[in-house]
Amino acid sequence: MDGKAMPTDANPYHEMDDLSSVPEKSNDGNGDDKLKSENDRSKIGLNNDQSRSHTCRRKLKELYEENEFLLLILIAIVGAKIYPPLGAEYLYPDITADWISVMFIFLLAGLALKTEEFEAAFSQYFFNLFVQTFNFGVVSLVGFTLAIILVKIGALDQSLADGMVICSCLPMAINMVIILCKNADGDEAAAVFNSAVGNLIGIFLSPVLILGYLGVSGDIDLVDIFW
């Protein structure tokens, strides 16, 4: 048989053995990359959750700061509804509401305002005259007219109508005027001045208005009022 003879030491499976002895390519690098990418995604998701939580807290804080006064009023109303004796008895409203709260509000308002602001508020003669005229004249007249209409159509009892007229003849509440003006970014000096002057005028003017609208009179003990 012609041709070169195959060497005796040649092994047809030797090449396959060499291939089988080549180490396989490790997949550990791909596993590490996949694990790293999963960790990164989890960190990004955690950061997004924290960011949303922080944004939600910030919005709630801004909402509370913008509507703090109204929210506290609602909390007080709900608390009074749940347990009325707390404010009616245990907090001694005759002392805390009538004396301490008014003095505290005036003290804070006085500390926050400058003397020049009070001078400017006092010098606004036409504005102060308009405020007092509107409070005692316009408000009482509107209240009296509305009370007559409601009684005529049978929507309001006469005793409640008289009470509405009496309330419309009263001066502005000091604490509400100052607090509402402060929350509305108004002229606090003018609010303090007009609320104080209005309550002094109301001692003499409110009984006259009530007598003129309702045609009733009564005895007033000035000692009990001022002491």
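Is asparagine 194 buried or exposed, and what is its relative accessibility? The legends below take up this residue after an overall view of the predicted model.

**View 1. The protein chain of this predicted model contains 11 helices and zero strands.** Read from the N terminus on, the elements follow the order α-α-α-α-α-α-α-α-α-α-α. Among the contacts in the protein chain with a separation of 6 or more, 69% join residues 24 or more positions apart.

**View 2. The largest nonpolar core consists of nine residues, namely Ile105, Ala109, Leu113, Ala121, Ile174, Ile178, Ala189, Ala190 and Val192.** Two or more of these residues come from each of helix H5 (93–112), helix H9 (174–183) and helix H10 (188–214), and H10 gives the most, with three residues. Apart from this core lies another, of seven residues, including Ala147, Val165, Cys169 and Leu209.

View 3. When its neighbours within four places in sequence are left aside, alanine 190 is in contact with Ala121 and Phe127.

**View 4. Asparagine 194 lies in helix H10 and counts as buried, because its relative accessibility is 3%, where buried means under 20%.** The side chain of asparagine 194 makes a polar contact with the side chain of asparagine 128, at 3.0 Å. Leaving aside neighbours within four places in sequence, the residues in contact with asparagine 194 are Phe127, Asn128, Val131, Gln132 and Met172.

How values were computed
Residues numbered from 1 in each chain as written. Predicted model: local features only at pLDDT ≥ 70, side-chain atom pairs only at ≥ 80, totals over all residues. Heavy atoms only, no water. Core = buried A, V, L, I, M, F, W, Y, C linked by side-chain atoms within 4.5 Å. Buried < 20%, exposed > 50% of the residue type's maximum accessible area, 1.4 Å probe, protein only. Helix = DSSP H or I, 4+ residues; strand = E, 2+ residues; numbered from the N terminus. Contact = heavy atoms within 4.5 Å. Polar contact = N/O pair within 3.5 Å; in protein donor to acceptor, adjacent residues only side chain to side chain.
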